[in-house]
Amino acid sequence: STCASNNTFDQGQLIDYGNVELSPAAGVLNYGQGLFEGTKAVRGEDGRILLFRPDQNAIRMQIGAERMCMQSPSVKQFVDAVKQTAIANKRWIPPPGKGSLYIRPLLIGTGPILGLSPAHEYTFLVYASPVGNYFKEGTASLNLYVNNDFHRTTRGGAGGVKSITNYAPVLKPLLRAKEQGFSDVVFLDSVHKKYIEEVSSCNIFLVKGDVISTPSTVGTILEGITRKSIIDIAHDLGYKVEERLVTVDELMEADEVFTTGTAVTVANVGSITYNGQRVEYKTSDCGLVSQKLFKRLVGIQSGKIEDKYNWVVA
Ligand code: PMP
């Protein structure tokens, strides 16, 4: 069952970047009816503008809209808008290998609503900004802090979708960790406080022997599109991949840990600190599983490696 009808969105138009006007009673401002997505466009060696699996972002937004009682654009409307935005901002897309155009689709309840109920009107918009490579060379070594006091979301909440309401609660633990010199936070499940969930804007994987494990998606972590792609690539490279409950102790005992996301692609983890204990992973860069996965993923995204999955859209 769904509590909002889909597809009342009109054709849409390209306009110059600027402010949006909202009613003070807009659903997004009062009850947090907002979803976002993140994807990027890169310039391929042959000059073509390449997008990575934008249909998956569209589908994730639709699933989120159903959870948040919002109307959502069709997959075609979503992908067309992303393509048009990329093409309109073509001159901002860095040369091959030098960065990308980060594209931010946003769906918000714009209709005024005073009593607690879904807005009657929604706006879908897409904006973009050029970004450099997240890390200069290949993957970086993140120093992660496992947080015990704050949780990102909880079972039955909206952790599985890209709701704007999931992000403000992350700011405090993230800033605290950064003040102490860490790169980011690993969140634990809120019931047992021992299963790892994800990092503030990435998914997390560990390697032990030739098995790669990552937390299963049980509604509390975001199903990253990079996560899903890395699982497929890892399978094809011959690794065994397990999606299951993963304890923080396993994380501490892993051979290798890495995170995945649109912005970071695949980022190697150098250390984890939990309960006053710090483990360092050997990060000499040859032979690392994350390095292999990183090269394969970025190769496909940039058009350098044959895309047998049909993930890349020109
Ligand atoms: N988890 C969270 C909380 C995120 O915000 C993101 C970024 N979208 C991810 C994971 C990674 O998802 P993706 O690979 O689709 O970028």
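## Helix packing

The axes of H5 and helix H7 (residues 289–301) come within 10 Å and cross at roughly 110 degrees. Axes here are lines fitted to C-alpha atoms, for helices over the stretch in contact, with angles running from 0 to 180 degrees between N-to-C directions. H5 and H7 are therefore roughly perpendicular to each other (65 to 115 degrees). Helices are DSSP runs of H or I with at least four residues, strands runs of E with at least two, both numbered from the N terminus.

On the H5 side, Ser229, Ile230, Ile233 and Ala234 make the contact; H7 supplies Leu293, Arg296 and Leu297. Contact requires C-beta atoms, placed from the backbone, within 7 Å. Five of these residues are nonpolar, one is polar and one is charged.

## Model and numbering

This is a predicted model: local features need pLDDT of at least 70, side-chain atom pairs pLDDT 80 or more, while totals for chains, interfaces and linings use all residues. Residues are numbered from 1 along each chain as its sequence is written.

## Ligand shell

Around the ligand lie 13 residues, of which Gly224, Ile225, Thr226, Gly261 and Thr262 come nearest. A residue counts as near if its C-beta atom, placed from the backbone, lies within 6 Å. Helix H5 (225–236) and strand S12 (256–261) each give two or more residues to this shell. H5 provides the largest share, three residues.

## Domains

The domain assignment, automatic or from a database, gives domain 1 (27–131) and domain 2 (141–301). Their centres, taken over C-alpha atoms, are 24 Å apart. Domain 1 puts 19 residues into the contact and domain 2 ten. On the domain 1 side, H2 gives the largest share, six residues.

Key:
Parallel < 35°, antiparallel > 145°, perpendicular 65-115°, else oblique. Contact = placed C-beta atoms within 7 Å. Nonpolar A, V, L, I, M, F, W, Y, C, P; charged D, E, K, R; others polar.
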